[in-house]
Amino acid sequence: MTIFDLFDEVIARNASDLHLIYDYHPTVRINNQLFSLSQYSRLNEETLKNLILSILTPEQKENLFLNKDIDFAYEYQGYRFRTNIYFSREKIAAAFRLINKTIGDLKDLNLPEHLKSVTNFNQGLIIVTGPTGEGKSTTIAALINLINLNQFKHIITIEDPIEYLFPKGKSIISQREVHQDTLSWRAALRSALREDPDVVLIGEMRDYETIQAVLTIAETGHLVFSSLHTGSAPEAINRIIDVFPSHQQNQAKTQLAMVLRTIIAQRLIPVFDSSYRIPALEILHNNPSVASIIREGKTHLLDNVLETSEASGMIIFEKYLLRLYNEGLITKENAYLYAIRPDEVKKFIK
């Protein structure tokens with residue numbers, strides 16, 4: 001057994017993830033379910049080291065043993081694996097996420113065509129939010145690629161690691177990987193405005209410094225895409241505001257109300273026969289009413305805005321679940337299981 005045998009298994013099974021952990025069989029995730037590759041032996045310490053370290057450069061090995069974990073992207077036969085190597089109970093372990101070979105368009109990804117409109121902004125902030133593994137990076141890549149193929153822009157991406165590789169289009173693209181093309185997030189964010197971008201992708205709004213930089217870049221006349229780990233659009237707004245010290249939160253509310261364009265909250269729901277997963281969305285577009293709610297810190301009012309503004313392209317997550325249920329794509333049980341607001345879904349699905 002080599003690491004490449006396991007990569008072949010992931011590709012052949014159309015799995016999303018591969019896990020290598022001491023004393024377990026190699027394990028893959030397919031449609032969000034874990035399956036042991038029991039044809040392979042349980043992984044002992046020596047086998048784990050041989051498998052995982054075989055794909056590391058000397059520099060990566062040094063960083064791994066110094067920092068106890070490492071992120072990077074690994075290419076194999078035209079496929080890319082987002083890789084995290086770490087230690088668990090003093091033994092090496094790894095998680096590999098398979099990145100799609102090509103960037104799908106909105107139709108391929110079962111996303112609504114009207115989302116194309118967010119690519120027409122010249123400046124502002126587009127946020128895609130949701131739990132880990134729910135397709136945020138894929139959705140952002142599809143939107144960025146629409147700009148790439150159809151508009152003459154300079155697009156800069158700052159990622160850790162780089163996931164999707166964009167094809168040649170009308171735009172020019174600079175893709176920067178933290179620790180490979182820049183020493184740190186801080187350095188990359190500081191220099192981004194000096195690189196004459198039109199569009200900036202910041203892989204994740206992970207801390208105060210990054211969120212502050214995202215708002216500043218959006219405020220200075222650029223279109224910024226980024227992701228967060230929250231379940232709903234109102235939660236995304238709260239997360240951004242709460243990361244600021246209390247004495248800066250009023251300023252942050254004003255800044256966010258000004259630069260925000262759209263929040264897309266996303267979950268992947270198993271279809272009726274569980275053969276694949278389909279995105280369910282919550283979409284919040286900024287308008288004067290939403291901006292006023294953000295400035296005043298009354299985000300509890302946003303659920304009502306989401307529920308009553310479908311004519312403006314907005315939708316609350318539970319109504320999107322209803323739409324998928326009515327189209328026969330998901331079961332009633334999964335509609336209830338994946339609802340962000342369980343009481344709300346009862347109003348739509350009896």
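How do the residues of the lining of the second largest pocket divide into nonpolar, polar and charged? This tour of a predicted model starts there.

Stop 1: Select Asn63, Ile70, Asp71, His179 and Gln180, which are the closest to the centre of the second largest pocket among the 14 residues that line it. The volume here is about 310 Å³. Next, colour helix H3 (58-67) and strand E4 (69-76); these are the elements that give two or more residues to the lining. The lining is made up of three nonpolar, six polar and five charged residues, which settles the opening question.

**Stop 2: the largest nonpolar core.** Select Leu125, Phe225, Ile237, Leu256, Leu284 and Leu321. Within this core of 85 residues, they touch the most other members. Then show helix H4 (residues 136-150), which supplies the largest share of the core, seven residues. In soluble globular proteins, nonpolar side chains tend to be buried together.

Centre the view on Ile237. Leaving aside residues up to four places away in sequence, Ile237 touches Leu256, Leu260, Ile263, Leu284, Ile294, Thr299 and Leu302.

**Stop 3: a separate core.** Now move to Leu18, Leu20, Leu51 and Phe72. They are among the 30 residues of another core, which lies apart from the largest one.

**Stop 4: confidence.** Colour by pLDDT. The mean for the protein is 94, and 100% of the residues reach 70 or more. Strand E7 (residues 124-129) has the highest mean of the elements, 98, while helix H13 (residues 342-348) has the lowest, 79. Where pLDDT is low, predicted coordinates should not be read in detail.

Key:
Residues are numbered from 1 along each chain as its sequence is written. This is a predicted model: local features need pLDDT of at least 70, side-chain atom pairs count only at pLDDT 80 or more; totals for chains, interfaces and linings use all residues. Side-chain values use heavy atoms; hydrogens and water are left out. On a 1 Å grid over the protein atoms alone, a cavity is a set of points where a 1.4 Å probe fits but cannot get out, and a pocket is an open set with protein on both sides within 12 Å along at least five of seven lines; lining residues have an atom within 4 Å of a point. Grid points are joined across faces, edges and corners, and a volume is the space filled by probe spheres set on the points. Helices (H or I, at least four residues) and strands (E, at least two) are DSSP runs, numbered from the N terminus. Ala, Val, Leu, Ile, Met, Phe, Trp, Tyr, Cys and Pro count as nonpolar, Asp, Glu, Lys and Arg as charged, and the others, Gly among them, as polar. pLDDT is the predictor's confidence in each residue, from 0 to 100. A nonpolar core is a set of buried Ala, Val, Leu, Ile, Met, Phe, Trp, Tyr and Cys residues joined through side-chain atoms within 4.5 Å. Buried means under 20% relative accessible area, exposed over 50%, partly exposed in between (1.4 Å probe, protein chains only). Contact means heavy atoms within 4.5 Å.
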